[in-house]
Amino acid sequence: MADVSVSTVSRALAGSSMIPEALREKITAIAEEHGYVVNQAARNLRLQTTNTIGLVLPMGHETGQQVTDPFLLELIGHLSEDVFKRGYDLLMSKNPAPRQGWLKDLVQSHRFDGMLVLGQSDQHEQINALAHKYPPMVVWGERLDGQSYCSVGVDNVFGGRLATEHLIGRGRRQILFLGPAQVPEVSSRLLGFKDALKDAGTPIRPGQIIEAHFTYESAYQTVRDLLASRRKFDAIFCASDVIALATITALTDSGRRVPEDVAVCGFDDVAMARSMTPPLTTIKQDLRMGAQMMVDLLFQRLGGDKTSSAVIPASLIVRSST
């Protein structure tokens with residue numbers, strides 16, 4: 001219809017300056033008149049690209065945790081915006097029970113050009129093995145010994161220390177830790193908790209570390225069971241703000257006052273922390289900064305650069321719950 005070659009049409013619709021402006025406008029007008037649109041899938045196949053970034057959530061440690069978790073929602077929101085700004089789409093994949101080789105199979109499906117992984121869960125070894133063969137990958141999580149992949153995460157040890165020192169400074173002496181200690185990030189928060197207690201001359205006692213899941217329902221029941229056991233404590237350091245919300249609710253439902261009877265500190269500083277009753281003292285992870293770093297590093301790696309891992313600072317946000 002335009003009386004030109006296929007390649008000329010292709011260049012014109014791509015806005016190439018190689019095609020004179022008048023001819024570009026003529027070809028574009030014909031395309032619009034006849035309802036022609038570029039087949040993006042075919043174009044991507046020809047160019048061997050998808051213009052898509054994979055967002056992967058391994059949930060081996062926490063099969064009940066939902067994408068609606070406030071921490072995940074905020075982080076995914078920031079990541080999405082940074083990816084979209086670069087003209088890429090986002091493909092999300094949640095794997096609640098990862099099997100051996102699942103990550104390799106996902107990469108070999110060629111559904112995305114690069115991959116953002118939210119948390120190591122219990123999949124560190126699989127992620128590490130993949131890193132040697134698949135460079136365009138950045139992981140949100142803890143920096144671990146022998147790690148081959150690029151990661152971004154908060155200084156969890158320092159954050160754990162900050163929270164515990166704050167509770168000690170408030171005169172609390174019977175402080176419990178509540179969270180899934182097998183998760184690498186939480187394990188480091190627990191290390192900071194132990195270090196702060198040791199420096200204060202109060203080393204860890206049996207039963208001071210309470211295992212709890214990231215889900216609200218599980219954490220709530222854990223605290224109710226703890227109260228039923230008549231265990232004595234005057235503060236709880238929770239490994240996440242969701243766990244802290246469940247903790248405060250369980251305490252108040254049982255007639256305990258926060259912070260008069262029990263001080264509660266969380267970790268994350270998600271939006272709901274400010275509106276809880278009482279407002280939650282917590283350790284802030286700057287998720288906007290973390291998301292921007294992850295996307296920047298990923299696109300550097302897509303460009304062939306070798307990038308180092310990054311650690312963002314943790315800070316204490318003091319509110320009424322302590």
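## Exercises on a predicted model

Both faces of strand β9 are covered: A263, C265 and F267 on one side, and V264, G266 and D268 on the other, are all buried (under 20% relative accessible area; exposed is over 50%, partly exposed in between, with a 1.4 Å probe and protein chains only). Strands (E, at least two residues) and helices (H or I, at least four) are DSSP runs, numbered from the N terminus.

This is a predicted model, in which local features need pLDDT of at least 70, side-chain atom pairs count only at pLDDT 80 or more, and totals for chains, interfaces and linings use all residues. Residues are numbered from 1 along each chain as its sequence is written, and side-chain values use heavy atoms, leaving out hydrogens and water.

**Exercise 1. Find how β8 and β9 run and which residue in β9 is the bridge partner of F237.**

Step 1: Locate the strands. β8 covers residues 235-238, and β9 covers residues 263-268.
Step 2: Check the pairing. The two strands run parallel and are joined by 3 bridges. Two strands pair if DSSP finds at least two bridges between them.

**Exercise 2. Give the strand order of the open sheet of 6 strands and say which strands stand at its edges.**

Step 1: Read the order. It is β2-β1-β3-β4-β5-β11, with parallel pairing.
Step 2: Look at the ends. β2 (89-95) and β11 (310-312) each have a single partner strand, so one side of each has no neighbour in the sheet.
Step 3: Neighbouring strands are turned by 20° against each other on average, direction ignored.
Step 4: Take one pair. β1 (residues 52-58) and β2 are parallel over 7 bridges. G54 stands opposite L91 in β2.

**Exercise 3. Describe how α9 and α10 pack.**

Step 1: Recall the description. Two packed helices are described by the angle between their axes and the distance between the axes.
Step 2: Apply it. α9 (residues 216-228) and α10 (residues 241-253) pack at an angle of about 40°, with axes 8 Å apart. Axes are lines fitted to C-alpha atoms, for helices over the stretch in contact, and angles run from 0 to 180 degrees between N-to-C directions.
Step 3: Classify the angle. α9 and α10 are therefore oblique to each other. Under 35 degrees counts as roughly parallel, over 145 as roughly antiparallel, 65 to 115 as roughly perpendicular and the rest as oblique.
Step 4: List the contact (heavy atoms within 4.5 Å). Among the residues making it are Y216, Y220 and L227 of α9 and I243, L245 and D253 of α10.

**Exercise 4. Decide whether S188 is buried or exposed, and find what S188 touches.**

Step 1: S188 lies in helix α8 (residues 184-199).
Step 2: At a relative accessible area of 11%, S188 is buried.
Step 3: Name the neighbours. S188 touches E142, N156 and V157, not counting residues up to four places away in sequence.
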